[in-house]
Amino acid sequence: ADWNGHYSPEEKAHCTHCGRRFVLDRLATHTEICKRVYKRTRKVYDSAQKRAKGTDLENYQCSHKVQPIPRGDWKRKHESFMRMLHAAQQAELAVYRRRKAAQPLPPADGLPLDLRQCPHCSRRFPPTIAL
């Protein structure tokens, strides 16, 4: 058999489980091992739980997994925030240069409607924070 530039001149075949290539006489042995390895699933290791085991902290840990908060439309909020900052900067420059009286800031058009305005400072907060 002529060697065609590959590492092994012997014929190779793919493993059905992992897709790696093996020489034919080693493929059967690998397949048996690979079948056992890919059949089992590994449990996710929780280091916080293991660290707290046997301490007082174990009584205070919650047993359920916390679901991540969906990201939503962060890009639209960011662009609206940047426009609002730019408008405030321009108003401040106008006052500083005494060109004309400062005009009120344009409304933040892209802010979500679920924000509630504070009666004391007029800032807007999410409903979970606003009281």
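In helix 3, the residues S80, A87, A91 and A94 are buried, where buried denotes under 20% relative accessible area, exposed over 50% and partly exposed in between, computed with a 1.4 Å probe on protein chains only. The model is a predicted one, in which local features need pLDDT of at least 70 and side-chain atom pairs count only at pLDDT 80 or more, while totals for chains, interfaces and linings use all residues. Residues are numbered from 1 along each chain as its sequence is written, and side-chain values use heavy atoms, with hydrogens and water left out.

**Overall architecture**

- The chain contains 3 helices and 4 strands; helices (H or I, at least four residues) and strands (E, at least two) are DSSP runs, numbered from the N terminus.
- Read from the N terminus, the elements follow the order β-β-α-α-α-β-β.
- The chain has 131 residues, of which 13% count as buried.
- Among contacts with a separation of 6 or more, 13% join residues 24 or more positions apart; a contact means heavy atoms within 4.5 Å.

- Helix 1 covers residues 24–39, which makes 16 residues, and reaches 22 Å from its first C-alpha to its last, close to the expected 22 Å at 1.5 Å a residue; the expected span is 1.5 Å times one less than the number of residues.
- A kink of about 30° in helix 1 is centred on H30; the bend at a residue is the angle between axes fitted to the seven residues ending there and the seven starting there.
- H30 is also one of the buried residues of helix 1, together with L27, T31 and C34.
- These buried residues pack against strand 1 (12–14) and strand 2 (21–23).
- A13 lies in strand 1 and touches R20, R21, F22, L24 and L27, leaving aside residues up to four places away in sequence.
- A13 and V23 are 10 residues apart in sequence, with their C-alpha atoms 6.5 Å apart in space.

- Helix 3 has 24 residues, for which 1.5 Å a residue gives a span of 34 Å, in agreement with the 34 Å between its end C-alpha atoms.
- F81 is found in helix 3 (residues 74–97) and is partly exposed, at a relative accessible area of 42%.
- F81, M82, M84 and L85 form a nonpolar surface patch with about 340 Å² of accessible area together; patches are made of residues with over 30% relative accessible area and no salt bridge, like charges being joined within 9 Å and nonpolar side chains (Val, Leu, Ile, Met, Phe, Trp, Tyr) within 5 Å.

**Salt bridges**

- The structure holds 2 salt bridges, each defined as a side-chain nitrogen of Lys or Arg within 4 Å of a carboxyl oxygen of Asp or Glu.
- The side chains of E32 and K35 form a salt bridge at 3.7 Å, N to O; these residues are 3 apart in helix 1 and therefore separated by about one helical turn.
- An α-helix has 3.6 residues a turn, so residues three or four places apart point the same way.
- E32 is partly exposed at 43% relative accessible area, and K35 is partly exposed at 39%.
- R76 and D73 meet through their side chains in a salt bridge at 2.3 Å, N to O.
- R76 is partly exposed at 39% relative accessibility, and D73 is partly exposed at 30%.

Key: Accessible areas come from the Shrake-Rupley method with a 1.4 Å probe; for residues, only the protein chains shown count as cover.
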